[in-house]
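Please open the model in your viewer and keep the selection tool at hand. The tour below moves from one selection to the next and says what is found at each stop.

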Amino acid sequence: MSLLLEAVGFFLSTVGWALLAVTLFNSYWRVSSVSGNVITTSTIFENLWQSCATDSTGVYNCWEFQSLLELPAYLQASRALMITALVLGFLAIVSSMVGLQCTKVGENNPDAKAKMAVVGGSLFILAGLCGMVTVSWYAFNITRDFFNPLFVGTKYEIGPALYLGWSASLLVIIGGCFLFSSCRTNSSQDNSYTYPYKAPKSGMPVANPSVSRPRRDSNASSNGQYGKNAYV
């Protein structure tokens, strides 16, 4: 059972980590449509690195954010958290591959492999939390500006990249929990109670299997069981 949990947890976490990497470079973190006539209708979409605009003819232009210090604080923090999530996920993959029971690395030391699995699961959970905080914080700022009647800038809506980020973070967290719980299941099975052998007390006779006991022949004549006086 622990081997199955490890395999499922590692698979879910790895897939979630890959989806987090796709989310980071996805351009549709927030989307805004500026409606007008057919010629001037355009769509503006942004991510953590650049802003793009496309019109109804399919022509689009993108420009990267030039100055890091001019960016809002939540955008700078989102970049740092997403990069941290990817780095933690990579370290978790390496440590989990060492700690999996199906791998040959360190198979002579099961305790060390169990500890590496715990480290990998913990790193996966931290990576998922970093991704979840980033996506949720970014979505909070979008909804705050959208429903603020005093906001005079361009109002954006939640883009598809945020939904992908939520799903990816959830997969990473669930997979990390599976890895952590599989290690606990394995340790509980190894520490199962065994009843010690108790030697018999010295006062009680102990049968020696090496000494053979005489057996009576069931086919022997009953006359041989009596003495000579029985026939007088």
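## A guided tour

Begin by selecting Cys-177, which counts as partly exposed at 36% relative accessibility; buried means under 20% relative accessible area, exposed over 50%, and partly exposed in between, with a 1.4 Å probe and protein chains only. Cys-130, by contrast, counts as buried at 15% relative accessibility.

The model is predicted, so local features need pLDDT of at least 70 and side-chain atom pairs count only at pLDDT 80 or more, while totals for chains, interfaces and linings use all residues. Residues are numbered from 1 along each chain as its sequence is written, and side-chain values use heavy atoms, with hydrogens and water left out.

Of the 232 residues of the protein chain, 31% count as buried.

Now select Cys-52 and Cys-62, which form a disulfide with their sulfur atoms 1.9 Å apart, a disulfide being a pair of cysteine sulfur atoms within 2.5 Å. The pair links Cys-52 in strand S3 (residues 50-55) with Cys-62 in strand S4 (residues 60-64), ten residues apart. The torsion about the S-S bond of Cys-52 and Cys-62 is about 115°, so the disulfide is right-handed. Cys-52 is buried, with a relative accessible area of 2%, whereas Cys-62 is partly exposed at 38%.

Move on to the rings of Trp-29 and Tyr-138, whose centres lie 5.1 Å apart with their planes at 80°, so the pair is edge-to-face. Rings of Phe, Tyr and Trp (its six-membered ring) pair if their centres lie within 6.5 Å, and planes under 30 degrees apart count as stacked, over 60 as edge-to-face and the rest as tilted. Trp-29 lies in the loop between H1 and strand S1 (30-34) and Tyr-138 in helix H3, so the pair ties together parts that are 109 residues apart in sequence.

Finally, select Arg-30 and Tyr-156: the charged end of Arg-30 sits over the ring of Tyr-156, 4.3 Å from its centre, where sitting over a ring requires NZ of Lys or CZ of Arg within 6 Å of the ring centre and within 35 degrees of the ring normal.

Technical notes: Helices (H or I, at least four residues) and strands (E, at least two) are DSSP runs, numbered from the N terminus.
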